[in-house]
Amino acid sequence: MNEKIISNIPEDYQIDEPIPEKEPDRQEFFISLCRNYIKTYQEEGQQLTYAIVTFGCQMNTYDSERLKGLLERIGYREAPEKEADLVIFNTCTVRENANQRLYGHLGQLKPRKKENPNFLIGLCGCMMQEPDVVEKIRKSYTFVDFVFGTYNLHRLPELLFARLHENRRIIEVLPEPKEHVEIKGAKRKYPFKSGVNIMYGCNNFCTYCIVPYVRGRERSRTPEDILQDVKELVTEGVREIMLLGQNVNSYGTNFMEESAIISEKPDYGFPELLEDVCKVPGLDRIRFMTSHPKDLSDRLIDVIARNPKICRHIHLPVQSGSTALLEKMNRHYTKEQYLALVDRIREKLPDCSLTTDIMVGFPGETEEDFLDTLDVVRKARYDQAFTFIYSRRTGTPAAGWEQVPEDVVKDRFDRLLEVVNSIAHERCGRFEGQTAEVMVEEINAQDASLLTGRMENNILVHFPGTADLIGHLVPVRLTKAHGFYYTGELLKEERE
Ligand code: 5AD
Ligand code: SF4
């Protein structure tokens with residue numbers, strides 16, 4: 001890439017102040033330098049725009065909101081992907097089809113480089129932590145402008161500046177760092193709800209999973225930092241928080257920094273954190289994601305039971321119902337232990353919705369193993385299940401094991417889907433006629449006289465109402481269940 005893409009950057013632009021070494025000051029410095037570039041366009045009447053395309057999980061969604069916050073401060077404004085001057089893909093590599101979707105997108109974007117001389121493409125996220133992927137981008141996708149990984153998201157201003165200023169392709173993918181720099185000031189899709197990372201990485205090494213290789217070892221943030229973030233978010237108007245981690249139930253095993261709370265209470269773990277978050281005034285709802293069944297304690301169930309602000313919804317990935325397969329997956333629980341945990345949850349939290357992730361076609365899966373999975377689905381009666389076909393990930397142990405033939409996997413997947421859907425359909429309708437607290441999200445896209453909101457188990461409810469209720473928790477009578485959503489009516493004015 002040697003043609004000059006952005007034409008009005010002075011080639012001899014000098015940075016005459018010293019560049020701060022410490023974060024986040026360093027990135028603040030680059031934000032102001034980038035802003036100068038964007039201003040030159042604004043002065044000529046051109047507003048540069050961006051779009052971030054997010055693949056994958058809640059972590060990526062929240063990371064993207066923070067990247068958007070940085071770009072807004074630089075002076076870019078959000079626009080649809082088709083129109084934007086800068087498109088960043090925040091990638092996922094958990095399954096091969098996510099990788100293929102990225103390459104498909106990139107192919108389509110190439111012609112836009114010719115149409116728009118300012119057009120920039122950035123790639124970041126999990127897929128970029130794979131050396132083979134970066135090599136492929138380097139060789140075959142030379143029109144990509146900058147690449148960064150999961151450990152240096154906060155460095156976007158510096159990388160963007162380097163791309164704009166030096167006019168060369170920037171590739172910066174780092175190994176796992178000792179310190180983590182938080183990005184403040186996300187641009188949220190909904191101003192009233194936000195994620196909060198409580199930990200990074202994963203230590204579980206399930207034998208099919210690439211996450212531990214691209215997100216590094218488990219590192220917990222201190223309770224002080226997390227509670228501070230939550231309080232700040234509340235002052236910004238946030239009423240619903242999602243505590244995020246690959247395995248929130250093992251929160252507190254490895255802290256990134258010293259913490260007075262932890263020195264005082266060495267047994268402090270996720271249940272204690274959750275309880276402390278509940279005490280922050282001004283929050284209506286608290287969610288968390290994801291729970292590993294091996295670490296979900298009775299202490300946690302008790303904390304949920306006594307705190308009405310914690311949503312009655314647990315996402316509890318089972319992956320398989322076969323004890324033999326679970327062992328090969330390195331999941332550390334048996335079919336019976338999983339079902340006993342479900343029973344304990346149901347006993348103490350009778351209304352709690354349960355959702356899960358299930359995989360079919362893991363290497364060595366027999367018909368018998370698969371029937372065990374169906375058996376667990378029937379017994380656990382999930383409100384919703386995300387079903388996946390096993391995808392071979394290079395570098396993971398299971399990639400080298402004998403794979404199940406494609407037609408067998410496809411057949412099992414279809415059978416699983418049928419059972420999962422019919423149970424989910426029944427389960428979703430179980431609240432018909434009852435009253436539910438609904439967090440109002442937006443005006444209904446199809447009918448402007450309706451509002452759309454979410455129940456605590458994430459099910460959508462549409463009901464007549466006015467825009468002033470957006471961002472508030474309101475009681476709604478669920479008059480009719482329609483498969484996977486409800487229609488209802490507002491009961492009374494907002495609860496304070
Ligand atoms: N193939 C298919 N599904 C996978 N998941 C993780 N790794 C793989 C893989 N290699 C699924 C698991 C996990 C969810 C986020 O993605 O079910 O819970
Ligand atoms: Fe992957 Fe297992 Fe860690 Fe989840 S717990 S991120 S499935 S290794």
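In this predicted model, Val438 is buried, its relative accessible area being 0%. The residue belongs to strand 15, which covers residues 435-443. Leaving aside residues up to four places away in sequence, Val438 touches Arg285, Gly453, Arg454, Met455, Val461, Phe463, His472, Leu473, Val474 and Val476. Val438 is called buried because its value of 0% falls under the cut-off of 20% relative accessible area.

Helix 9, formed by residues 270-278, is likewise described in terms of burial, and it is mostly covered, since seven of its nine residues are buried. The buried positions are Phe270, Pro271, Leu273, Leu274, Asp276, Val277 and Cys278, and these residues pack against helix 7 (223-235), strand 10 (240-244), strand 11 (285-289) and helix 10 (298-306). As background to such a pattern, an α-helix has 3.6 residues a turn, so residues three or four places apart point the same way.

The largest cavity has a volume of about 160 Å³. Its lining is made up of 15 residues, of which Asp63, Thr150, Leu153, His180 and Tyr200 are the closest to its centre. When the lining of the largest cavity is sorted by class, five residues are nonpolar, four are polar and six are charged.

The second largest cavity has a volume of about 50 Å³, and the residues that line it are Met242, Arg287, Phe288, Met289, His313, Ile314, His315 and Asn458. Strand 11 and strand 12 (313-315) each supply at least two residues of this lining; strand 11 is also among the elements against which the buried residues of helix 9 pack. By class, the lining of the second largest cavity comprises four nonpolar residues, three polar residues and one charged residue.

A further set of residues surrounds ligand 2, namely Cys202, Asn204, Phe205, Cys206, Tyr208, Cys209, Val211, Pro212, Gln246, His292 and Arg331. Within the shell around this ligand, seven residues are nonpolar, three are polar and one is charged.

Conventions: Residues are numbered from 1 along each chain as its sequence is written. Chains are lettered from A and ligands numbered from 1 in the order in which they are written. This is a predicted model: local features need pLDDT of at least 70, side-chain atom pairs count only at pLDDT 80 or more; totals for chains, interfaces and linings use all residues. Side-chain values use heavy atoms; hydrogens and water are left out. Buried means under 20% relative accessible area, exposed over 50%, partly exposed in between (1.4 Å probe, protein chains only). Helices (H or I, at least four residues) and strands (E, at least two) are DSSP runs, numbered from the N terminus. Contact means heavy atoms within 4.5 Å. On a 1 Å grid over the protein atoms alone, a cavity is a set of points where a 1.4 Å probe fits but cannot get out, and a pocket is an open set with protein on both sides within 12 Å along at least five of seven lines; lining residues have an atom within 4 Å of a point. Grid points are joined across faces, edges and corners, and a volume is the space filled by probe spheres set on the points. Ala, Val, Leu, Ile, Met, Phe, Trp, Tyr, Cys and Pro count as nonpolar, Asp, Glu, Lys and Arg as charged, and the others, Gly among them, as polar. A residue is near a molecule or strand if one of its heavy atoms lies within 4 Å of it.
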